[in-house]
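Subject: Structure for your review

Dear colleague,

Please find below the structure that I am handing over to you. My notes on what was found in it follow directly after.

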Amino acid sequence: VAYIVLGTILGPFGLGLVQDVARLSQAAEIGIILLLFLLGRDMQPKHLGAVLSKAVFITLISSLAFALLGFGFGWALGFSLTENLVIGAALMFSSTIISIKLLPTTVLHHRHAGELMIGLLLLQDFLAIFVLLLLMSGASGSISWMMMGRALVALPLLLGIAYALTRWVLLPILARFDRVQEFIFLVALGWCLGIAELAKFIGLSLEIGAFIAGIALATSPISQFIALSLRPLRDFFLIVFFFSVGAGFNLGLVDDIAVPAILLALAIIGLKPLVFSFLARRRSETSELSWDIGFRLGQISEFSLLIVFLARDSALIGERAATLVQAAAILTFVISSYIVILNFPSPIAISDRLRRD
């Protein structure tokens, strides 16, 4: 919360000490990439298929429900059809950063709850890619089905390339120089960023590429050291991410969108836990686990900020609609985080009873 507030104060709409928010956002994306890489390292490949198959139903139904919520909210405020569609798309996703950052690493990452949540977020990320592809196509006036088809083919292709490179190139190199810690650190970082760039090149996102890079290393005996060495770097860039969120917020439109943003944020905070917990129980999950997942996913996503940024640059939505989603996202980031740390196990819980590393 402090990072977001500080970004708002120092950003171009505050004191103006930080002007280049776009450059800052690019640096912040490294934090998301490293986060997904370390998540993939915790996800054993043999469990991934089962988790994703269970998460498909929850992801698709919840995304449709939240898209309809956003569309209806925008329609009630008098936005255009295109703006309503973009607002609906922006509400479909939950924050990967906040959801995972508040997961106890040693408790949930290797349990069913953590695996299910990671599966849901991964599928949401894949949906977000198609939304972004549609937005990029819409800017030119037509949908590029070639881009869409390439993304569908690219995922299994990237998986095959990552596993082949891991088996015949990466692991032999790491085994030969495993006593040189700096070397392992640099190779792991290069592997993460390299596969992420390869994913972007073939039509996927940097985040999914990083996740696949982590999965490919999950069975390596050296993966635990890699996780420990990259975690401080990840945390630094996540600080930059939250600072950039605050810096990009247009304070000049606060009076105009304050009430709608508060109402939208409260609707998200109230409905997302209900929808996710209901759908999880329909998939035979326990009531306790369903509510836990529901509240942890009860916010808008950083992908939502990317969606409205791209839509605004493409002149698909106006500044007022974009600022509405940004303000609602920031409010849900704050409220959802406090709901989780006050009621569920997390690394930064206030109560000793709930604090889990």
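I begin with Ile118, a residue of helix α7 (residues 112–139); helices here are DSSP runs of H or I with at least four residues, strands are E runs of at least two, and both are numbered from the N terminus. The model is a predicted one, in which local features need pLDDT of at least 70 and side-chain atom pairs count only at pLDDT 80 or more, while totals for chains, interfaces and linings use all residues. Residues are numbered from 1 along each chain as its sequence is written, and side-chain values use heavy atoms, with hydrogens and water left out.

Ile118 has a relative accessibility of 4% and therefore counts as buried. The term buried stands for under 20% relative accessible area, exposed for over 50%, and partly exposed for values in between, with a 1.4 Å probe and protein chains only. Between Ile118 and Gly149 there are 31 residues in sequence and 25 Å in space, taken C-alpha to C-alpha.

Leu297 sits in the loop between α13 and α14 (302–313). Its C-alpha is 9.3 Å from that of Ile269, and the two residues are 28 apart in sequence. When neighbours within four places in sequence are set aside, Leu297 is in contact with Ser94, Ser99, Met117, Leu120, Leu121, Lys272 and Phe276, where contact means heavy atoms within 4.5 Å.

Salt bridges

Side chains of opposite charge can pair when their charged atoms come close. A salt bridge is taken here as a side-chain nitrogen of Lys or Arg within 4 Å of a carboxyl oxygen of Asp or Glu. The count by this rule is six salt bridges.

One of them joins the side chains of Asp256 and Arg320, at 2.9 Å from N to O. Because Asp256 belongs to helix α12 (residues 254–282) and Arg320 to helix α15 (residues 319–343), this pair ties together parts that are 64 residues apart in sequence. Asp256 is partly exposed at 40% relative accessibility, and Arg320 is likewise partly exposed, with a relative accessible area of 30%.

Arg296 and Asp292 form another salt bridge, with their closest N and O atoms 2.7 Å apart. These residues are four apart in helix α13 (residues 287–296), so about one helical turn separates them. Both Arg296 and Asp292 are buried.

In the salt bridge of Arg355 with Asp352, the closest N and O atoms are 2.6 Å apart. Arg355 is partly exposed at 35% relative accessibility, whereas Asp352 is exposed at 60%.

Helix packing

Two packed helices are described by the angle between their axes and the distance between the axes. The axes are lines fitted to C-alpha atoms, for helices over the stretch in contact, and angles run from 0 to 180 degrees between N-to-C directions. Angles under 35 degrees count as roughly parallel, over 145 as roughly antiparallel, 65 to 115 as roughly perpendicular, and the rest as oblique.

Helix α9 (residues 181–201) and helix α10 (residues 206–217) have axes that come within 7 Å and cross at roughly 130°, so α9 and α10 are oblique to each other. In their contact, Trp191, Cys192, Ile195, Ala196, Glu197, Ala199 and Lys200 of α9 meet Leu206, Gly209, Ala210, Ala213, Ala216 and Leu217 of α10. The residues of this contact comprise 10 nonpolar, one polar and two charged; Ala, Val, Leu, Ile, Met, Phe, Trp, Tyr, Cys and Pro count as nonpolar, Asp, Glu, Lys and Arg as charged, and the others, Gly among them, as polar.

How do the axes of α9 and helix α11 (residues 223–247) cross? They come within 10 Å and cross at roughly 75°, which means that α9 and α11 are roughly perpendicular. Here Gln181, Ile184, Phe185, Ala188 and Leu189 of α9 meet Phe225, Ile226, Ser229, Leu230 and Leu233 of α11. This contact has eight nonpolar, two polar and no charged residues.

Finally, helix α4 (residues 81–90) packs with α15 at an angle of about 15°, with the axes 11 Å apart, so α4 is roughly parallel to α15. Glu83, Ile87 and Ala90 of α4 meet Ala321, Leu324 and Val325 of α15. By class, five residues of this contact are nonpolar, none is polar and one is charged.

With kind regards
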